[in-house]
Amino acid sequence: MNNEELNDFALSLVSANSEQEVINILFLKGLWENDSAWRLYGDKENNYSTIGAQQSRPESALVEKLINSVDSVLTAECLNNNIGPESPDAPKTIRKAVSKFFNIHNGMLYNITPTERTKLAERIGLVATGNTAKKGYGCYSIFDNGEGQTPNKMPNTFLSIGEKNKLKIPFVQGKFNMGGTGVLRFCGKRNLEFILTKRNPTLPLDEKDNSTDKWGFTIVKRIYPDGNYKSSRYVYLVNPITEEAKSNQVFQFSADSLPILPGKYPIAYQNPMYYGSYIKLYEYQMEGLRTNLTLDPYNRLSLLMPSLALPVRLYERREGFQAHTAETTLNGLSVRLEEDLSLIHI
């Protein structure tokens with residue numbers, strides 16, 4: 001595939017809103033059943049023992065993805081301030097990082113106005129698309145304009161297990177390089193997840209990496225026990241240049257921006273994304289929380305992230321829901337409680 005075809009390939013996976021759509025796209029390109037196009041997640045045959053033992057609730061697993069986005073934005077700001085995230089000069093806590101990089105008193109979101117929080121929330125988003133509860137399971141996409149990764153680094157970052165990528169960074173929450181896989185078990189029957197990323201061009205680049213200006217993308221899927229395998233295993237899509245899947249890299253292409261961020265309701269894909277990360281969970285099984293994203297899911301996420309370091313913008317883009325708004329800003333329960341207390345004092 002040439003660059004334009006790869007661009008269109010990635011966009012088709014972004015806009016797909018069902019597991020079967022994704023499978024059909026991959027079938028037509030001769031990839032779904034091509035063993036050379038699927039590399040073991042973490043390059044480990046027994047990866048299911050780790051991935052399958054994560055969060056037991058879909059909303060808790062989703063929180064891990066949002067926390068990873070928060071970590072990515074904070075790390076990007078640290079690097080943009082010419083501070084090594086693992087250096088002695090790096091902030092020692094999340095609150096100190098938020099205070100230093102965003103000039104927020106004590107690093108607490110209730111110390112800035114609702115308008116300022118909404119503006120800041122443009123950096124991290126959660127978008128609901130696809131089916132409403134009456135028709136099935138919807139899709140959830142998480143995006144951020146944080147670090148982003150180069151395609152060549154994806155096997156050691158997004159697609160790794162147990163690496164020490166953030167272990168020595170004091171101001172991030174995700175440490176053990178596995179929480180992000182917790183969502184997979186809740187993604188439809190084949191556990192399909194789409195990952196798209198591009199390195200933030202303002203950050204230090206590896207001169208030996210020839211993919212620093214490219215987008216990289218892949219699909220993660222579950223293969224159920226077959227042949228000599230007694231347990232499931234997770235694999236991810238790679239460009240089948242060689243017969244040995246482990247030697248192949250994720251698909252990559254060049255583009256200044258991609259029109260994949262939400263526009264006004266109900267447009268889900270319109271505004272440009274220039275860099276960062278975009279993850280889509282197909283037919284995500286949010287049992288008990290399949291209402292408008294700004295209602296029950298919003299309330300549940302607020303409880304699960306009481307002291308959210310950075311705000312997240314929620315975008316409901318499924319047609320058919322009745323609500324006062326299709327967007328809201330998730331600030332965490334602490335902000336809601338603080339605002340309620342201020343009203344009582346008045």
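**Figure 1. Histidine 324, an exposed residue in a loop.** In this predicted model, histidine 324 has a relative accessibility of 91% and so counts as exposed, the cut-off being over 50%. Histidine 324 belongs to the loop between β11 (312–316) and β12 (327–330).

**Figure 2. The packing of helix α4 against helix α5.** Helix α4 covers residues 58–80 and helix α5 covers residues 94–102. The two axes are 10 Å apart, and the helices pack at an angle of about 55°. That angle makes α4 oblique to α5. The crossing in which α4 passes α5 is left-handed. On the α4 side, the contact is made by Val73, Leu74, Glu77 and Cys78. On the α5 side, Ile94, Ala97, Val98, Phe101 and Phe102 take part. By class, the residues of this contact are eight nonpolar and one charged, with no polar residue.

**Figure 3. The packing of helix α4 against helix α7.** Helix α4 also packs with α7 (296–304). The angle here is about 70°, with the axes 10 Å apart. The helices α4 and α7 are therefore roughly perpendicular to each other, a class that runs from 65 to 115 degrees. In this case α4 passes α7 in a right-handed crossing. Glu59, Ser60, Val63 and Leu66 of α4 meet Arg300, Leu301 and Leu304 of α7. The contact of α4 with α7 divides into four nonpolar residues, one polar and two charged.

**Figure 4. The packing of helix α1 against helix α2.** Helix α1 spans residues 3–15, and helix α2 spans residues 19–28. Their axes come within 9 Å and cross at roughly 160°. This makes α1 roughly antiparallel to α2. The crossing of α1 past α2 is right-handed. From α1, the residues in contact are Phe9, Ser12 and Leu13. From α2, they are Val22, Ile25 and Leu26. Five of the residues in this contact are nonpolar and one is polar, while no charged residue takes part.

**Figure 5. The aromatic pair of phenylalanine 9 and phenylalanine 251.** The structure holds 12 aromatic pairs. In one of them, the ring centres of phenylalanine 9 and phenylalanine 251 are 5.6 Å apart. The ring planes stand at 80°, so the pair is edge-to-face. Phenylalanine 9 is in helix α1 and phenylalanine 251 is in strand β7 (residues 251–253), so the pair ties together parts that are 242 residues apart in sequence. What is the relative accessible area of phenylalanine 9? The value for phenylalanine 9 is 1%, so this residue is buried. Phenylalanine 251 counts as buried too, at 2% relative accessibility. Phenylalanine 9 is also among the residues that α1 brings to the contact with α2.

Figure 6. Phenylalanine 194 and phenylalanine 217 form a tilted aromatic pair. Their rings are 6.4 Å apart from centre to centre, with 45° between the planes. Phenylalanine 194 lies in strand β4 (residues 193–198) and phenylalanine 217 in strand β5 (residues 215–223). The pair thus links distant parts of the chain, 23 residues apart. Phenylalanine 194 has a relative accessible area of 0% and is buried. The value for phenylalanine 217 is 0%, and this residue is buried as well. Ring pairs join Phe9, Phe194, Phe217, Phe251 and Phe253 into a cluster.

Figure 7. Tyrosine 265 and proline 266 are joined by a cis peptide bond, with an omega of about 5°. Proline 266 sits in the loop between β8 (258–261) and β9 (271–273). Asparagine 191 is not a glycine, yet has a positive phi of about 55°. The loop that holds asparagine 191 runs between β3 (138–144) and β4. Is asparagine 191 buried or exposed? With 1% relative accessibility, asparagine 191 counts as buried. Glutamate 283, which is not a glycine either, has a positive phi of about 50°. The place of glutamate 283 is in the loop between β10 (276–281) and α7.

Notes
Residues numbered from 1 in each chain as written. Predicted model: local features only at pLDDT ≥ 70, side-chain atom pairs only at ≥ 80, totals over all residues. Heavy atoms only, no water. Axes fitted to C-alpha atoms, helices over the stretch in contact; angles between N-to-C directions. Helix = DSSP H or I, 4+ residues; strand = E, 2+ residues; numbered from the N terminus. Parallel < 35°, antiparallel > 145°, perpendicular 65-115°, else oblique. Left-handed = near helix turned anticlockwise from the far one by under 90°. Contact = heavy atoms within 4.5 Å. Nonpolar A, V, L, I, M, F, W, Y, C, P; charged D, E, K, R; others polar. Phe/Tyr/Trp six-rings, centres within 6.5 Å; stacked < 30°, edge-to-face > 60°. Buried < 20%, exposed > 50% of the residue type's maximum accessible area, 1.4 Å probe, protein only.
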